[in-house]
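Here is a short tour of how one protein chain is put together. Have the sequence and the model open beside you as you read.

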Amino acid sequence: MKSLADRPVNPVVGVPVAHESAALHVTGTALYTDDLPIRNSDVLHAWPVQAPHAHARVTQLRTAPALSVPGVVRVLTGADVPGINDAGTKHDEPLFPSEVMYYGHAVCWVLAENPEAARLGAEAVEVDYEPLPSIVTLAEAIEKKSFQGDQPTVARGDAGSALASAAHRFSGEVEIGGQEHFYLETHASFVYVDESGQVFVHSSTQHPTETQEIVAHVLGLTSSQVTVQCLRMGGAFGGKEMQPHGFAAVAALGATLTGRPVRLRLNRTQDITLTGKRHPFAATWEAGFDDSGRLVALRATLTSDGGWSLDLSQPVLARALCHIDNAYWIPNIEVLGRIAKTNKTSQTAFRGFGGPQGMFVIEEVMGRCAPLLGLEPSELRRRNFYIPGQSTPYGQPVRHAERLHAVWEQLLGNADVERRRTEIAEFNATHRHTRRALGITPVKFGISFNLTAFNQAGALVHVYKDGSVLINHGGTEMGQGLHTKMRQVAATALGVPLACIRLAPTRTDKVPNTSATAASSGADLNGAAIRNACDQIRDRLAEVAARKLNIHPDDVRFDDGTVTGIGFSDDGIPFAELVNDAYFQRVSLWAAGYYRTSGLHWDASRMQGEPFKYFTYAAAVSEVEVDGFTGAYRLVRTDIVHDVGDSLSPLIDVGQIEGGFVQGAGWLTLEDLRWDISEGQRRGRLDTQSASTYKLPSFSEMPEDFRVHLFERATESGVIYGSKAVGEPPLMLALSVREALRQAAAAFGPEGRSVELASPATPEAVYWALDRARTAAREAAKPAGMHAPVPSPVRAQ
């Protein structure tokens, strides 16, 4: 059998093609979940009753007033649940809670003939609450030891002894902000019960199988009695991996109780206040370096804010711990992880899934310690890169570590870094109130699910008698181009033009037991499953062609809709003709494909093993210009070199890299979640509830000069057509922007000074950082004996 990475002659993969739904997107004809109710009659609309307390006990719930509102049909409460009153997989997320755990928690749902009646009905519901003490901030949770889940540790060597003997030892602490997904399409479900009693769920979900399972256990049904379909999503970014299940269950409960279709679509404020975000983190660290600037030890504690329930906080924390090394060899390391329990939305998956938070910490260490070691930050980073033969702190060999060095050197050349450094130095010397700087950071990101069992996928491929092909796989399309890549994979495997391939929506009754479309694994898993199915069909067709051409089946070739053989280049059989012949010979023309990622092992209790199929490598150079009066900045230019292996679809991959980078820059520089932490009645309320108060990156925040280069000659063995994942790794490239801002702030002060920079690095945060640098410069310029102490944000020990 040919290797999974091998490509035939004239493959359709690797060819730049537009997104398969691009025309539908721009013309407004693409269908989403909430477009379906208008095609149905007698639809009910759901509206939540949200609690005005961060933590409280529900003492009375009076629904009768709502039923007197014209148009209200029913109020759903916990008493209506025939199965398990829980929206999660760990049974710590009551669907209808008796104890409010965060401000805005939905205690019941109103069903009405139209959204306005549902809203008025929700306002009419009377709820009595007994307020309880609440924990809103990470600092409060740490002080009160409010933790949930396990507290894993990644360790190697003897960090304590290595720190004690290190030539240079520093320590610090940092808080890392969260991030709202702010997908264009909010959470949406549309559910009806068909004539056979099947519950049919249309859901904007990244994990149809898990949505199916949660709906089934809420309704007291088997999974076979529930079908979930996802047409497409208008963005997800991890926010629709776990959190759609409860909304689908509410709609399903309403549909089964009333016998009418139910639509549940959150408006933007409801979506932001009801759903989880990227986990904020707090970290304390100690790092030791030798005289050559090489890391000898790191000891750290990472505390994530999990919100009120576990959700995906445990695997998010595990991935953070597994990425705290980023691209660097750390011989002695000890990192403890903890999950805080707070009275906020249950934080969940977000692009990178904890990896960005872990990598943030080590890049913080590098950025703050480099000037104290007398090194340019990019040089300190380069000196500590992994080299072939080294392993991660959790025991996985870093295969192809040489690619990291090659990507780095190629980036420096592409970006003309040395010349631009000279120009920046000249600019800074002639501009008193403005500074420019370059930030250069690497990325090493592991690809596969932390949970080994999720690394499997299925597919269903039908070839019809006319030669047309229909494919169905377990992955979901959220705008990332997965369906486009899967069509290219199928066309390549069958040797037919791309136009022959049609893709059906993701449905649990076509491909069962799907894994979430997450962890950047969608193309790897589903592409291999589709190829497996196509190979089965092609091998059967090769037998038919071999008899017709009088050659061995191994000598049959499929290329661009024509079937030929070695020595038959001037004679071929049209694919459709061969398919028709195969049908009349009673040869099966459909197949179920399956794939499981090989070579994975993970012991979560020891935090040891090989959880990733491979590592993706990348690096970015970002140049910023900062205004010394306001801290406002602009992103002048960004250069990226990214290793995607042999790209399945170059246009899609470049788009993912650009989008991921901008989303990462938003997280690190603009997006500032704010909760009310006062002791008043609004304690725990999310203050940033809309685009008017929550700053999102837009065209004005894009790099003015944006250059993305795909690393070449980078075939990855054992992966579908030699490609690599591209969904999450680009987000971490935005760390180069944060590091450029740090260095620009430092340029306002004396050399050799470490700069503390808050996260997100908003213009205000940058201003205070550069203001401290200017203060240090003024102190350094004073005559001897007139200096006031300027505290250093990094402690040397």
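## Domains

Into which domains is the protein chain divided? There are domain 1 (43–133 + 187–265), domain 2 (281–388 + 399–450 + 605–778) and domain 3 (456–596), with bounds that come from an automatic or database domain assignment.

Some notes before going on: this is a predicted model, where local features need pLDDT of at least 70, side-chain atom pairs count only at pLDDT 80 or more, and totals for chains, interfaces and linings use all residues. Residues are numbered from 1 along each chain as its sequence is written, and side-chain values use heavy atoms, leaving out hydrogens and water.

## Where domain 1 meets domain 2

The C-alpha centres of domain 1 and domain 2 are 38 Å apart. Their contact (heavy atoms within 4.5 Å) takes 18 residues from domain 1 and 22 residues from domain 2.

Together, domain 1 and domain 2 bury about 1700 Å², with 58% of it on carbon and sulfur atoms; buried area is the accessible area (1.4 Å probe) that two parts lose on being put together, summed over both. Met 101, Tyr 103 and Phe 237 supply 32% of the area that domain 1 buries against domain 2, more than any other three residues.

## Charges across the interface

How many salt bridges does the rule find across the interface of domain 1 and domain 2? The number is 0, counting a side-chain nitrogen of Lys or Arg within 4 Å of a carboxyl oxygen of Asp or Glu.
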